[in-house]
Amino acid sequence: MTKTSFIAKQHQQNRSSLIPSVENKSGKDLINLGIGDIDLNTHPLVIADAFNDAKNGFTHYTNPMGDIELRKEIIKYHKEEFKNYEFDIDQVFVVSGGFHGIYLLFKTILEPKDEVMVIKPFFSAYLNQIELNGGVPVLIDTYSESNYDISIEELEKKISPKTKAILINSPSNPLGKIYSEENMREIAIFAEKYDLLIIADDIYDFYSFKIDFTPIYTIEKIKERTVSICSFSKNFAMTGWRVGYCIGPAEIIKTMSTLNENITYCTSSISQRGALSALRNIKKIKESTIPIFESRIKFMCEELRKIPKLKFYQPDGGIYIFIDVTETGLNGKEFSEQLLEKYGVAGLNGEVFGDKNSIRIACTIEETSLKEACIRINDFIESLSL
Ligand code: PMP
């Protein structure tokens, strides 16, 4: 009997989709455009406040729904920022990051074989998260010709009596798409027509460059059928603190929290104090983070545009660029593996985001290194036609 036989059959073949199967053999330094971890450290004010709070005794379990002061601050933030929309305290649940929140939500809502509509290309974890909770992801195509808007016709084609929810991620990972208010309204009407829950993954909302981000819950009546997933990870450069929150109908939020009492019980008290400080210092933090990414995305798009055979959607927001490499004659897997092996640049194979002809790059390094990455990508593409 091997140790593997202790593992449930359904998990025996599980592999990380984010770890490349090849190594950098280029002899050059690795330029890592792979995993989307914000390279900037958390703002010193947040670190200092969390440290002081830890010294002052915030070292215990918190309320399972989250630190009360933090939840009040979250409500205040949403009220001030987005069309005066107000939430009650029992509609806000602090979680250990967006991953955790989305997982708990699927656990809360899905009956076996319930379907969740997922827009392509999608954040890689969604499919596993739905399947791990007994559901079935139903993929919805979007097209470059129509600017990757969500087409109601496509949704109508895929609706079934089993459809429970539709998941919208804006600004999106990997594309950087921000859905317009008009497109959101169409989706809201569709969700009402078929009585669907809307799951709004809003974790990149600060990174809105071209158009303003509008949370879907601000659309009339839609708040009652929306759960928003928010996170401090990307917005506040706090990926390692593992803190985020969900806002939505009180019954759903309560069930998520009750389930979580048996999983993590509550989120780290010290991280929650850090999150409270982040919200209180929101202006300073935004100013010191977001323009850097806006400038990098702009710079990188300009550089990539000079390289032949690459096509991409100019992001409206977010921290990634999703590049179609079809014209190079390679698929996303071949392109990303050879680029890493021979030129020391790590990107991610687009297949994990639902598009096997693309790669995703994260602009989580300084512009000088982004420039060097583009030089190497260009050299790689030139070498293909030699
Ligand atoms: N949603 C999206 C779209 C993401 O890209 C990520 C992380 N890359 C998450 C959720 C989860 O992030 P976290 O758990 O750090 O909040």
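1. A word on terms before we start: helices (H or I, at least four residues) and strands (E, at least two) are DSSP runs, numbered from the N terminus. With that in hand, proline 161 is found in the loop between α5 (152–158) and β5 (163–169).

2. Please keep in mind that this is a predicted model, where local features need pLDDT of at least 70, side-chain atom pairs count only at pLDDT 80 or more, and totals for chains, interfaces and linings use all residues. Residues are numbered from 1 along each chain as its sequence is written, and side-chain values use heavy atoms, with hydrogens and water left out.

3. Now the overall picture. The protein has 12 helices and 13 strands. Its radius of gyration is 21 Å, close to the 21 Å that the globule rule gives for 386 residues, so the protein is as compact as a globular protein of that length. Here the radius is taken over C-alpha atoms, and the rule is 2.2 Å times the number of residues to the power 0.38. Along the principal axes, the C-alpha atoms fill a box of roughly 65 × 60 × 55 Å.

4. On burial, 54% of the 386 residues count as buried. Buried means under 20% relative accessible area, exposed over 50%, and partly exposed in between (1.4 Å probe, protein chains only). Proline 161 is exposed, with a relative accessible area of 89%.

5. Do have a look at arginine 296, in helix α10 (residues 282–305). Arginine 296 counts as buried because its relative accessibility is 4%. Its side chain reaches the backbone oxygen of cysteine 363 at 3.0 Å. Leaving aside residues up to four places away in sequence, arginine 296 touches several others, among them Asp39, Leu40, Glu366 and Glu367.

6. Asparagine 260 belongs to helix α8 (residues 250–260) and is buried, at 0% relative accessibility. Its side chain makes a polar contact of 3.0 Å with that of threonine 264. Such a contact is a pair of N or O atoms within 3.5 Å; within protein, one must be able to donate a hydrogen and the other to accept it, and residues adjacent in sequence count only if both atoms are side-chain atoms. Beyond four places in sequence, asparagine 260 touches Phe93, His100, Leu104, Tyr265 and Cys266.

Definitions and conventions
Contact = heavy atoms within 4.5 Å.
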